[in-house]
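Subject: Structure handover

Hi,

Here is the structure I promised to pass on to you. Please have it open while you read, as my notes follow just below.

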Amino acid sequence: QVQLVESGGGLVQPGGSLRLSCAFSGNILRTNAMAWYRQGPGKERESVAAITSRGFTVYADSVKGRFTISRDNAKNTVDLQMNSLKPEDTAVYLCNTVGATIDWGQGTQVTVSS
């Protein structure tokens, strides 16, 4: 059974940075494209960044230039470096394959507030 475990969230002031990490176990093919998603209070879940097995990346316009997604296929991890955080980035952040083909993990809470 595949499991996803997100970590690294917390409370940060506007303009600050956080680095999120997603560890996945089980039979996720290294050819799977992976993505970070987020769900803010009262909002729909949205994809913010995605990365293919070869490292090609795509970002939502709202985070472009501030967030960087990376992956380590040997360690089965996908990270999200978040810089210049804004209050509107406040959300639960979750990882999954592109297309969300795996049961969701718990996610990690990111709160941006002064």
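Let me begin with a salt bridge: Lys 64 pairs with Asp 61, and their closest N and O atoms are 3.1 Å apart. Lys 64 and Asp 61 are both exposed. Please keep in mind throughout that this is a predicted model.

The count of salt bridges comes to five. Another of them is formed by Asp 89 and Arg 66, with 2.8 Å between the closest N and O atoms. This pair links distant parts of the chain, since Asp 89 lies in the loop between β8 and β9 and Arg 66 in the loop between β6 and β7, 23 residues apart. Are Asp 89 and Arg 66 buried or exposed? Both Asp 89 and Arg 66 are buried.

There is also a salt bridge between the side chains of Arg 38 and Glu 46, at 2.8 Å from N to O. The two ends of this bridge fall into separate classes. Arg 38 has a relative accessibility of 6%, so it counts as buried. Glu 46 has 34%, which means that it counts as partly exposed. Through shared partners, salt bridges join Arg 38, Glu 46, Arg 66 and Asp 89 into one network.

If you want a spot to look at, Tyr 37 stands opposite Ser 47 in β5.

Another open sheet has four strands in the order β1-β3-β8-β7, with antiparallel pairing. Its edge strands are β1 (3-7) and β7, each of which pairs on one side only. Neighbouring strands here are turned by 15° against each other on average, with direction ignored. β3 and β8 run antiparallel and are joined by six bridges. Along this pair, Arg 19 stands opposite Gln 81 in β8.

Then there is the core. The largest nonpolar core has 27 residues, of which Leu 4, Trp 36, Ile 69, Val 78, Leu 80, Met 82 and Tyr 93 touch the most other members. Which elements give two or more residues to this core? They are β3 (18-25), β4, β5, β7 (67-72), β8 (77-82), β9 (91-97) and β10 (108-112). β3 gives the most, with four residues.

Leaving out residues up to four places away in sequence, Met 82 touches Gly 16, Ser 17, Leu 18, Leu 20, Arg 66, Phe 67, Tyr 93 and Val 110. Two names in that list have come up already: Tyr 93 is among the core residues that touch the most other members, and Arg 66 is the salt-bridge partner of Asp 89.

Best wishes

Definitions and conventions: Residues numbered from 1 in each chain as written. Predicted model: local features only at pLDDT ≥ 70, side-chain atom pairs only at ≥ 80, totals over all residues. Heavy atoms only, no water. Pairing = 2+ DSSP bridges. Core = buried A, V, L, I, M, F, W, Y, C linked by side-chain atoms within 4.5 Å. Buried < 20%, exposed > 50% of the residue type's maximum accessible area, 1.4 Å probe, protein only. Contact = heavy atoms within 4.5 Å. Salt bridge = Lys/Arg side-chain N within 4 Å of Asp/Glu carboxyl O. Axes fitted to C-alpha atoms, helices over the stretch in contact; angles between N-to-C directions.
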